[in-house]
Amino acid sequence: MKPSHETEKLLAANEQLVLGMLRIQSEVQAAEVTLSEIFRAASVDELTNLPNRRELLTRLADAITGGQRSGGSFALLFLDLNGLKRINDTLGHHVGDAVLMETAQRLSACVSGEDTVARYGGDEFVVLLPHPASREDAQLAVDKIKLQFGQPWSIGDRQMPISISVGISLYPDDGTDSKSLIDIADSKMYRAKQAQQTSTLPSAIPAALMMQMREANGALVLAALNAQALQEQAEATLRQEKFILAMVAHELRAPLAPLSLSTEMLANVNTKDVPRLHAIIGRHIEHLTRLVEDLVDVSRASTGKLRLTLKTIDFSQVIQQAIDVCEPLISAKHQTLQVNACAVTSYIDADQLRLTQVLSNLLGNASKFSPTHGVIALSYSVEGQWARIEVSDDGVGISAHALPMIFEPFIQDEHALSINKKGLGIGLTVVRELVKAHGGNVAAHSNGLGLGSRFTLLLPLSELSDSHHQAPELQ
């Protein structure tokens with residue numbers, strides 16, 4: 001019998017109802033899966049699959065509530081991996097992640113099903129032990145964990161030692177709330193890490209390596225000090241060079257004004273004034289020439305290009321020529337020149353012009369720095385194979401500060417500048433270099449300001465010119 005129209009409608013409606021029920025059941029199951037994944041994501045660390053901080057705090061709050069009801073105790077272990085940052089920096093974060101996952105597995109293997117191992121953050125982990133009866137029980141758990149971590153670690157194709165630092169807090173002895181328990185355990189972990197670093201330093205670094213590190217550190221310190229000293233020396237040299245350049249420019253420029261003025265006056269001057277202007281021009285040209293010659297001599301000496309024309313000469317001739325050069329200056333100041341020369345004729349292999357320059361420079365200085373009517377003495381004697389010459393005066397003397405440096409270029413005693421404002425302070429440098437070029441020595445002596453000065457020269461006599469004997473030290 002064929003079903004009626006009403007029966008067909010009823011069957012169709014029933015089929016739709018069944019299909020709807022099946023669809024709703026599928027959607028409910030899918031929603032349950034989604035809610036489960038959301039709940040898991042909110043409570044589980046994505047990398048290690050351990051409970052995360054949120055879940056740890058929930059379980060810790062439950063443990064505190066249970067402890068308050070039962071009057072029992074429990075322990076909290078705060079763990080930190082040693083050296084994870086170094087692994088991340090040197091081997092890469094993928095290796096560091098592998099270390100974190102291995103840490104999670106090893107910690108989980110050390111605890112029971114009632115215990116909680118959670119990743120607190122970064123390289124920090126927390127283990128909640130709900131049922132230890134005492135701090136000693138908690139320490140046994142720590143020893144078990146350290147034993148597990150002492151086993152070899154294989155991360156990929158690498159073997160690496162991994163160590164941990166652990167701190168313990170006990171409820172209710174160390175705190176009755178989550179924050180106190182975590183802070184106490186964290187603080188004890190940090191102290192344990194410091195103690196471990198201190199105790200392992202000598203054994204981790206061999207004595208020889210420690211010595212090398214100390215030596216390297218000392219070398220670095222010395223290098224830094226030397227670099228600083230070199231910089232300071234370079235800066236001082238630069239300041240000195242600027243000062244010298246300014247002084248040279250000033251000294252060379254000083255005679256130009258009277259020269260220029262005298263030249264202009266020549267165009268309109270009376271015939272009777274020409275000799276006076278001629279003398280002025282000649283005097284300043286001579287001064288300029290002397291300055292330039294001294295600069296050239298110092299430059300040649302410093303570069304090893306100072307050349308002498310040596311001849312065998314009677315030394316008394318050199319002395320007389322130097323006296324003739326300086327006599328006008330000495331006479332102008334009404335000074336007395338006392339000459340005490342040995343009667344024996346002495347010969348010396350020398351550049352006569354240069355040696356005359358040496359003696360005239362010393363005599364000229366003695367006159368410049370001695371008062372009017374002062375006394376200048378020149379003595380000459382023979383001591384064995386050496387000619388000894390001394391030039392002394394009763395003038396302003398040399399200060400104790402300047403005496404050791406008096407032969408250095410551009411050094412001028414401050415108290416003497418008020419007496420002789422001309423010159424560059426290189427005349428005595430030229431003297432020293434010329435005497436050395438002749439194989440001799442020169443020394444300066446003074447008992448102090450206002451007590452005069454004495455310059456002593458030693459020069460080899462002619463018969464020793466080929467033996468290259470060293471001149472004795474002058475005292």
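## Leu363 and its contacts

Contact here means that heavy atoms lie within 4.5 Å. By this criterion, and leaving aside residues up to four places away in sequence, Leu363 touches Ala322, Ile323, Cys326, Leu337, Ile376, Leu378 and Val391. The structure described in this report is a predicted model.

## The nonpolar cores

Leu363 belongs to the largest nonpolar core, which has 37 residues. The members that touch the most other members are Phe315, Leu359, Leu362, Leu363, Ile389 and Leu457. At least two residues of this core come from each of the following elements: helices H10 (315-332), H11 and H13, and strands S9 (347-350), S10 (375-383), S11 (386-393), S12 (441-445) and S13 (453-460). H10 gives the most, with seven residues.

## Helices H11 and H13

Two packed helices are described by the angle between their axes and the distance between the axes. For helix H11 (residues 352-368) and helix H13 (residues 427-437), the angle is about 145 degrees and the axes are 10 Å apart. The crossing of H11 past H13 is left-handed.

On the H11 side, the contact is made by Arg354, Gln357, Val358, Asn361, Leu362 and Asn365. On the H13 side, Gly427, Leu428, Val430, Val431, Leu434 and Val435 take part. By type, the residues of this contact comprise seven nonpolar, four polar and one charged.

Strand S8 (residues 336-341) is joined to S10 by six bridges in the parallel sense. Within this pairing, Ala341 has Tyr380 of S10 as its bridge partner.

S10 also pairs with S11, in the antiparallel sense and over eight bridges. Val382 stands opposite Ala387 of S11. S10 and S11 form a hairpin with two residues between them, and Gly384 in the turn has a positive phi of about 65 degrees.

## The four-stranded sheet

An open sheet is formed by four strands in the order S2-S3-S1-S6, with antiparallel pairing. Its edge strands are S2 (116-121) and S6, each of which pairs on one side only. From one strand to the next, the twist averages 25 degrees.

Nine bridges connect S1 with strand S6 (residues 163-171), and Leu79 faces Val166 of S6. S1 is joined to strand S3 (residues 124-129) by six bridges, where Phe78 is opposite Val126. S2 and S3 are linked by five bridges, and Thr116 has Leu128 of S3 as its bridge partner.

Why is strand S1 (residues 74-82) described as largely enclosed by the rest of the structure? Nine of its nine residues are buried, so the strand is largely enclosed. In a regular strand the side chains alternate between the two faces of the sheet. In S1, Phe74, Leu76, Phe78, Asp80 and Asn82 point one way, whereas Ala75, Leu77, Leu79 and Leu81 point the other way.

Helix H4 (residues 93-109) lies across S1, S2 and S3 and runs at about 150 degrees to S1. Helix H5 (residues 135-149) also packs on the sheet, where it touches S1, S3 and S6. The direction of H5 makes about 165 degrees with that of S6.

Conventions. Residues numbered from 1 in each chain as written. Predicted model: local features only at pLDDT ≥ 70, side-chain atom pairs only at ≥ 80, totals over all residues. Heavy atoms only, no water. Axes fitted to C-alpha atoms, helices over the stretch in contact; angles between N-to-C directions. Left-handed = near helix turned anticlockwise from the far one by under 90°. Nonpolar A, V, L, I, M, F, W, Y, C, P; charged D, E, K, R; others polar. Buried < 20%, exposed > 50% of the residue type's maximum accessible area, 1.4 Å probe, protein only. Pairing = 2+ DSSP bridges. Core = buried A, V, L, I, M, F, W, Y, C linked by side-chain atoms within 4.5 Å.
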